[in-house]
Amino acid sequence: MKAQSAKNLIEAALFISDKPMSIQAIKQKLFTQQTITGREISQILQELALDYQDRGINLVKLAQGYRFQTNSSLSKQLSTLYNDRAPKNSQALIETLAIIAYKQPITRSEIEEIRGVAVSSSIIKTLLERSWIKVTGYKEVPGRPSLLGTTVEFLDYFSLTSLAQLPEILPIQDSHTSELITKLETEA
Amino acid sequence: MIKLNANNHMNEHQGEMHQQSLPLAFVRGKQVLEKPKELYIPEQALAVQLANFEGPLDLLLYLIKKQKFDIADLPIAPITAQYLIYLEQMKEQGIDLAADYLVMAATLAEIKSRLLLPAPVIDEEEQDPRAELMRKLEEYQSIKEAASWLEQQPQIDRDIFVAKAEDIELKKHATPAADTVVLSQLVDAFRHIMKRQAAYEHHHVERELISCKEKMSFILSLLEQQPLFSSDFVRLIVPAEGRQGIVVTFMAVLELLKEQAISITLEAEHSMQNRSTFLVEKSA
């Protein structure tokens, strides 16, 4: 397969894909017959990113993989088109999400401990529904409360490539968290 | 240039409890401690948006920031006094105070009393009674910072939009979505069943009222027993229940549809019976 056609194929696939595509996914789904290395795909992606650099659409790398998205400098003008589409995040919701992002895995009562108020069920439900958080396990204490953690969708939504990109304002809690970060990074 | 302090009528209430009297306003750099007598300010006008606080820690952080205190050197007495005044104000405004606010008031009072008591001599490492609260405030403060950082990150559909294209050929081959059912079609089907029911009716037996709730769970359990969890709408009817049964079944189906517990699709017309089949399906 010629380089140009591979490039076109990757470009088109990224445009029709429902979610960001990783190099691994591109290789497995698009190039089943051809021999193409991850490095070559990466090279093509870099070329594409360069081609689109000064356009209205850019190619960006996120936690799950690569995605075409609008140039962030256009956000103001474009948002008038889709005023109603963006969900409004309440302060309570965004604080809860921040706590989960930083302190995962964390139980609901631990979140309440940090915020100093009860966490409403609707907030947790909303976060789960938006796939920003998921139940990662259960804490081995009486009652076995569920442990919450963030998802790759969360990272993609907030234009992050990994949890390590979160600004360092809290000491990362324990080894488990750093393990999780490396795990998420290798997955991505 | 007149700058008004938002907490003006707070000062009136606090009396002796407060330690440093806050100026009501600054006029050309000079402090004004009392309201001009002829000036009328509606009670509500300067009230702080108390309902906006996320909780007791948020309120405390606000008070600390407003008074330019340092978390690391938390002056418990003035903070406690201010905190209690705010609680009072919130009650006056009819805000339903969460129990958490009251717990914090008790905690503050406890810390204050422990600070007043002389420390026992035997205790070698007497911990600062404020330590736990200060740690919590610091932690919450950093979470608030993290949250505002997160909120400012580019977000999908707010700041950035995912660019998408479609493959027309692929779309052509995709299975077309099942026809959406129009309410009138459903009503037609209902009418049809009603008509058919007339033929079945022979005698009248006094029956108990059929509850819609029961009918709903009956339908769901019926669907669960079916292969593919779906059934023709007509098959949901229990003929023995008569007219009322049909009406309640119809209502129950509408109710389940509203709750999105089931979905209805329209199947191809049966040429024999000249009627449409409504496939009732249990939602996943």
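## Where the chains meet

Two residues count as in contact if their C-beta atoms, placed from the backbone, lie within 7 Å. This is a predicted model, where local features need pLDDT of at least 70 and side-chain atom pairs count only at pLDDT 80 or more, while totals for chains, interfaces and linings use all residues. Residues are numbered from 1 along each chain as its sequence is written, with chains lettered from A and ligands numbered from 1 in the order in which they are written.

On that basis, 36 residues of chain A are in contact with 34 residues of chain B. On the chain A side, helix H1 (3-16), strand E2 (66-70), helix H4 (75-79), H5 and H6 each supply at least two residues. Helices (H or I, at least four residues) and strands (E, at least two) are DSSP runs, numbered from the N terminus. H5(A) gives the most to this side, eight residues.

## The nonpolar cores

A nonpolar core is a set of buried Ala, Val, Leu, Ile, Met, Phe, Trp, Tyr and Cys residues joined through C-beta atoms within 7 Å. Buried means 20 or more other C-beta atoms within 10 Å of a residue's own, exposed means 12 or fewer, and partly exposed is in between, with C-beta atoms placed from the backbone.

The largest core has 42 residues, and A:Leu97, A:Ala98, A:Ile99 and A:Ile100 touch the most other members. H5, H6, E4 and helix H8 (152-157) of chain A each give two or more residues to this core, as do H2, H3, helix H4 (99-116) and helix H5 (131-152) of chain B. H5(A) has the largest share, seven residues. Another core, of 17 residues, lies apart from it and includes B:Phe250 and B:Leu256.

Leaving out residues up to four places away in sequence, A:Ala98 touches B:Ile143, B:Ala146, B:Ala147 and B:Leu150.

Most residues other than glycine have a negative phi, and most peptide bonds are trans. A:Gln104 and A:Pro105, though, are joined by a cis peptide bond, with omega about -5°. A:Pro105 lies in the loop between helix H5 (91-103) and helix H6 (108-115) of chain A.

A:Arg144 has a positive phi, near 35°, and lies in the loop between strand E3 (133-138) and strand E4 (146-150) of chain A. B:Lys68 has a positive phi too, near 55°.
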